[in-house]
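Hello,

Here is the structure I promised to pass on to you. Please open it beside this email, and then read on for what turned up in it.

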Amino acid sequence: GRVGSIFTSQLLYDNYEVICLSKTNTKYLDFKKNLPIKLKKKLHWQSIDLVNPHTVNQAVDYIFKKFSKLDVLINNAAESNRGKNFNYDIQSLGKEFWGTFGSSFFLTEKILPYMRKKKTGKIINTGSLWGSHAAKFKTYSNLDIGPSPIIASGKAAIMQYTKHLASREAEYNIVVNALIPGWFPRKGPKENKKYIASIKSNIPLNRIGKLKDLISAVEFLLSNDSDYMTGQFVIVDGGYSIW
């Protein structure tokens, strides 16, 4: 995905072997085909479906059959609904819970015992402004694409889990932090200028985010420069969250 490509690129250029976990390999293959040959060899893929917890076990088995250790875990995926008044039933509620928080939690807990043995590691979660701030639904105008109540609650859970892990895993020298991106809307076939103007009116720097704005933050979180930082949130939002 878009934010995941920033993490993946930085890891590869930092000479890591990288395993991408996702439901399908379509975006993975698109990303990989544009890489230099020496980096292509360092990039791997394994299937995982966030709403199917059984695939988490399969992914963990794959990782540790292929590699003896894991230095960095990045939780950067979500399966979520959109809409101010999304109508839930038991199935959709469970699916979105696993997609926004449950599987990231489950995957992390399965991997942590291997990290503890090495007495070192980094975990980076990708959070959201909606985990700490209420959405301004008027921003979306007539577009019913605001965050659902479960994605907002799930991202809040991710942020609290980040702090919980930072405290619990400190004795193993494992640091846990989160990246909180602001507004980085996808480009559609036709830009909705009214919607973009509405977003920018709430951002002090008066522009939406570009993916390159995340590079420095990602580089810092992955580097040794962040070794003495844990349980923290790196917010890249053009100032949105100060209001």
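Let me begin with a definition: on a 1 Å grid over the protein atoms alone, a cavity is a set of points where a 1.4 Å probe fits but cannot get out, and its lining residues have an atom within 4 Å of a point. Grid points are joined across faces, edges and corners, and a volume is the space filled by probe spheres set on the points. The idea behind it is that rolling a probe the size of a water molecule over the atoms shows where empty space is left.

Two notes on the source. This is a predicted model, in which local features need pLDDT of at least 70 and side-chain atom pairs count only at pLDDT 80 or more, while totals for chains, interfaces and linings use all residues. Residues are numbered from 1 along each chain as its sequence is written, and side-chain values use heavy atoms, with hydrogens and water left out.

**The cavity**

How many cavities of 30 Å³ or more are there? The count comes to one. The largest cavity has a volume of about 30 Å³, and its lining consists of Asn75, Asn76, Ala77, Thr100, Ser104, Thr126, Lys155 and Ile158. Helices α5 and α6 are the elements that give two or more residues to this lining. (Helices, H or I with at least four residues, and strands, E with at least two, are DSSP runs numbered from the N terminus.)

**The sheet**

An open sheet of four strands runs in the order β3-β4-β5-β6, with parallel pairing; two strands pair if DSSP finds at least two bridges between them. At the edges are β3 and β6 (233–236), each pairing on one side only. Neighbouring strands are turned by 15° against each other on average, direction ignored, where axes are lines fitted to C-alpha atoms (for helices over the stretch in contact) and angles run from 0 to 180 degrees between N-to-C directions.

Strand β4 (residues 121–126) has β3 (residues 72–75) as a parallel partner, joined by four bridges, and Ile124 of β4 is the bridge partner of Ile74. With β5 (residues 174–181), β4 pairs over six bridges. Ile124 also has a bridge partner in β5, namely Asn177, while the partner of Thr126 there is Leu179. Further along, β5 and β6 share four bridges.

**Helix α1**

Finally, look at helix α1 (residues 2–13). Nine of its twelve residues are buried, so α1 is largely enclosed by the rest of the structure. Among the buried ones are Ile6, Phe7 and Leu11. Just after α1, Asn15 takes a positive phi of about 75°.

Enjoy exploring!

Technical notes
Expected span 1.5 Å × (residues − 1). Buried < 20%, exposed > 50% of the residue type's maximum accessible area, 1.4 Å probe, protein only. 1 Å grid on protein atoms, 1.4 Å probe; cavity = no way out; pocket = protein on both sides within 12 Å on 5 of 7 lines; lining within 4 Å.
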